[in-house]
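Biologist: I would like to go through this complex with you. Please take my questions one at a time.

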Amino acid sequence: MAEPTSDFAIDAQGVARRFGTRWVLRGVTLRVSPGETVGLLGANGSGKSTLLRICGTLLRPSAGAVNVFGHDVVREADAVRARIGFLTHSPGLYDDLTARENLEFAASMLGIASADVDRALERVELTYAANERVRGFSAGMERRLSVARLLLSKPQVLLLDEPYSNLDAAGIAMMSGIIAELVRGGGAALVVLHELAPAAGILTRTVTIQNGRESTAAGVA
Amino acid sequence: MTWNNDWRRVRAIAWKDLTTERRSKAGFNGVVALGVTILVLFGFALGPDAQAMRDASAGVLWLAALFAAVLAFNRSYQVELESGALEQLLLYPGSRWTIYTGKLLANLAFVGLMLVIVVPVGIVLYQVSVPATWPALLGVLALGATGICTLGTFYASMSSRSRAREVLLPLLLFPMLVPALLAAMQASKALLNGDMMHEAGAWTKLLVAYDVIFLIATHLAFEHVIEA
């Protein structure tokens, strides 16, 4: 079967999502090209994370469609999952496993060599805590370990939900470096942000979600 | 290649579940304690008539195993929910049935280990003599545990995202387990009494049919349940 092709890393057309009777998204259209890092801004409850979760196959849209490199997130969810790296708000780690064991588990689930685990730990500067259980980790260390897990799959599209939260200055620089590196390699990133400042140096543009629709598409100086 | 990857995922999930359980300890100790407590309480209710206790032993043993196993099923998904790990599990590409099979194998090992402790306690408490047919009895225990774990793991995934999961799981599970429990109890009772009437075979066949049907059905349905 021919590989679907698309000029866009993410192509969301008229995406709407309802929870019960409340419409959180009311028809968002958003396109992210390879090489772009797009910041997604908006007030609490505006639907930023909902849009990200739809792009990441964790939620189905009530209306509209999203394609990731030409693959529909509902009908071809597995192909989408193979291309994305999703950093959710919660770390999704197992407290009673060590940092290395958490990554080895992820490597097994992804079907990749566990040799990559050490490189990922080194990249997020957690080698010193590799054999410690996650239960004793600070929130910042958990964030770094989640990023290390993200690196294992070498994603083409990064979906990041508040990636800078709980990170110190060195962690913020590391996170920006990782995003920039992946995007330079032909990928794209959609980043939910509460504050623009930490990511300002790497964003191509920002989009603001207001009342369930995209309201601003601005370049970042 | 795909089969190798799927099997690798199954082993990874079973290993992860058993390792986290072994390290936290609280789950297994609680499950075994509940199983033994149920045996003791039923013993008080039935005693001191030794014959009545022996007659009821198979039924009580299976009920104790069932109630204790429900704790284990709830716990196997609670670990995933604690820090959003279930979402991460769903973000990995690949067949969904591997998640179910991995958890099923871990639960089988967990419940099997619990039975290794609870059954001898039951034999002593209920003054049951070990029959000559004990290898067949072990087979019935394995088949019964498979039936309980197959549906228990499946319904725990269904109820895991509900706030009332502790209540919902037994409500969904117990009615569906009636045929398996009945077959396991009757086969065990016949074998404990030496199987003079050759009843155990028919009940065991029912148990095998139940296990096969639900192993297939739950594997086919799991993707729809977990993605919902």
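What follows is a set of questions and answers on the two chains.

Modeller: This is a predicted model, where local features need pLDDT of at least 70, side-chain atom pairs count only at pLDDT 80 or more, and totals for chains, interfaces and linings use all residues. Residues are numbered from 1 along each chain as its sequence is written, and chains are lettered from A and ligands numbered from 1 in the order in which they are written.

Biologist: What ipTM does the predictor give the complex?

Modeller: Start with chain B. Its pLDDT, the predictor's confidence in each residue from 0 to 100, averages 90. In chain B, 99% of the residues score at least 70. For the complex, the predictor gives a pTM of 0.90 and an ipTM of 0.90.

Biologist: How many helices and strands are there in chain A?

Modeller: Both kinds of element are DSSP runs, numbered from the N terminus: helices are H or I with at least four residues, strands are E with at least two. By that count, chain A has six helices and 10 strands.

Biologist: What is the radius of gyration of chain A?

Modeller: The value is taken over C-alpha atoms, and the globule rule is 2.2 Å times the number of residues to the power 0.38. For 221 residues, a compact globule would come out near 17 Å. The C-alpha atoms of chain A fill a box of roughly 45 × 45 × 35 Å along the principal axes. The radius of gyration of chain A agrees with the rule: 17 Å.

Biologist: Which strands stand at the edges of the open sheet in chain A?

Modeller: Four strands of chain A form this sheet in the order 2-1-4-5, with antiparallel pairing. Two strands pair if DSSP finds at least two bridges between them. Each edge strand has a single partner, so one side of each is left without a neighbour in the sheet. In chain A these are strand 2 (22–32) and strand 5 (71–72).

Biologist: Which residue is the bridge partner of V68(A) in strand 5 of chain A?

Modeller: Strand 4 (residues 63–68) of chain A pairs with strand 5 of chain A in the antiparallel sense, over two bridges. V68(A) has as its bridge partner H71(A).

Biologist: At what angle does helix 1 of chain A run to strand 1 of chain A?

Modeller: Axes are lines fitted to C-alpha atoms, for helices over the stretch in contact, and angles run from 0 to 180 degrees between N-to-C directions. Helix 1 (residues 48–55) of chain A lies across strand 1 (10–19), strand 2 and strand 4 of chain A. Its angle to strand 1 of chain A is about 120°.

Biologist: Is strand 3 of chain A largely enclosed or open, and how many of its residues are buried?

Modeller: A residue is buried if 20 or more other C-beta atoms lie within 10 Å of its own, exposed if 12 or fewer, and partly exposed in between, with C-beta atoms placed from the backbone. T37(A), G39(A) and L41(A) point one way from strand 3 of chain A, while V38(A) and L40(A) point the other way. Strand 3 (residues 37–41) of chain A is largely enclosed by the rest of the structure, because the buried count is five of the five.

Biologist: Which residues stand opposite L40(A) in strand 8 and strand 9 of chain A?

Modeller: Strand 3 of chain A pairs in the parallel sense with strand 8 (residues 188–192) of chain A, over four bridges. Four bridges also join strand 3 of chain A to strand 9 (residues 205–210) of chain A, again parallel. Opposite L40(A) stand V192(A) in strand 8 and, in strand 9, V207(A).

Biologist: Is T57(A) buried or exposed?

Modeller: T57(A) sits in the loop between helix 1 and strand 4 of chain A. T57(A) has a positive phi of about 75°, although it is not a glycine. With 25 other C-beta atoms within 10 Å, T57(A) is buried.

Biologist: Which element gives the largest share of the side of chain A that touches chain B?

Modeller: Two residues are in contact if their C-beta atoms, placed from the backbone, lie within 7 Å. On that basis, 20 residues of chain A are in contact with 19 residues of chain B. Helix 2 (77–81) and helix 3 (99–110) of chain A each give two or more residues to this side. The largest share, four residues, comes from helix 3 of chain A.
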